[in-house]
Amino acid sequence: MYISNNNSKKQGWLASLLLIPVLIAAAVVGFFAFVVILGLILFAATVFLLRLWWLRRTLRKMAEGNQTLKGEYVVIRETTQNDEEWKR
């Protein structure tokens, strides 16, 4: 046999009415948190891509010069005992 309890039904409606503003507030806070995180990710990606573009631009300018260095050099090396034995 089922006995209806009107008091529990009233508490259920009261809980539902109190829960609605809490859910709305949570949705609003979640939305703004998502927007902030998305903004930070987009900002970081923009900075990274700008840095990559700048490096590629610099390398491209360096490659346009494409001039080889011309000059003289002298190799200075100390001889060791092993070098003298190897030459014999």
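## Nonpolar surface patch

L17, I20, I24, V28, F31, F32, F34, V35, L38 and L42 make a nonpolar surface patch of about 990 Å². Patch residues have over 30% relative accessible area and no salt bridge, with nonpolar side chains joined within 5 Å. A salt bridge puts a side-chain nitrogen of Lys or Arg within 4 Å of a carboxyl oxygen of Asp or Glu.

The model is predicted: local features need pLDDT of at least 70, and side-chain atom pairs 80 or more. Residues are numbered from 1 along each chain, and side-chain values use heavy atoms.

I24 sits in helix α1, residues 6-65. I24 counts as exposed because its relative accessibility is 52% (exposed is over 50%, buried under 20%, 1.4 Å probe). Of the 88 residues, 1% count as buried.

## Aromatic pairs

The whole structure holds two aromatic pairs (ring centres within 6.5 Å). F31 and F32 form an edge-to-face pair, 5.6 Å centre to centre with 70° between the planes; edge-to-face means over 60 degrees.

Note on methods
Patches are made of residues with over 30% relative accessible area and no salt bridge: like charges are joined within 9 Å, nonpolar side chains (Val, Leu, Ile, Met, Phe, Trp, Tyr) within 5 Å. Accessible areas come from the Shrake-Rupley method with a 1.4 Å probe; for residues, only the protein chains shown count as cover. Helices (H or I, at least four residues) and strands (E, at least two) are DSSP runs, numbered from the N terminus. Rings of Phe, Tyr and Trp (its six-membered ring) pair if their centres lie within 6.5 Å; planes under 30 degrees apart count as stacked, over 60 as edge-to-face and the rest as tilted.
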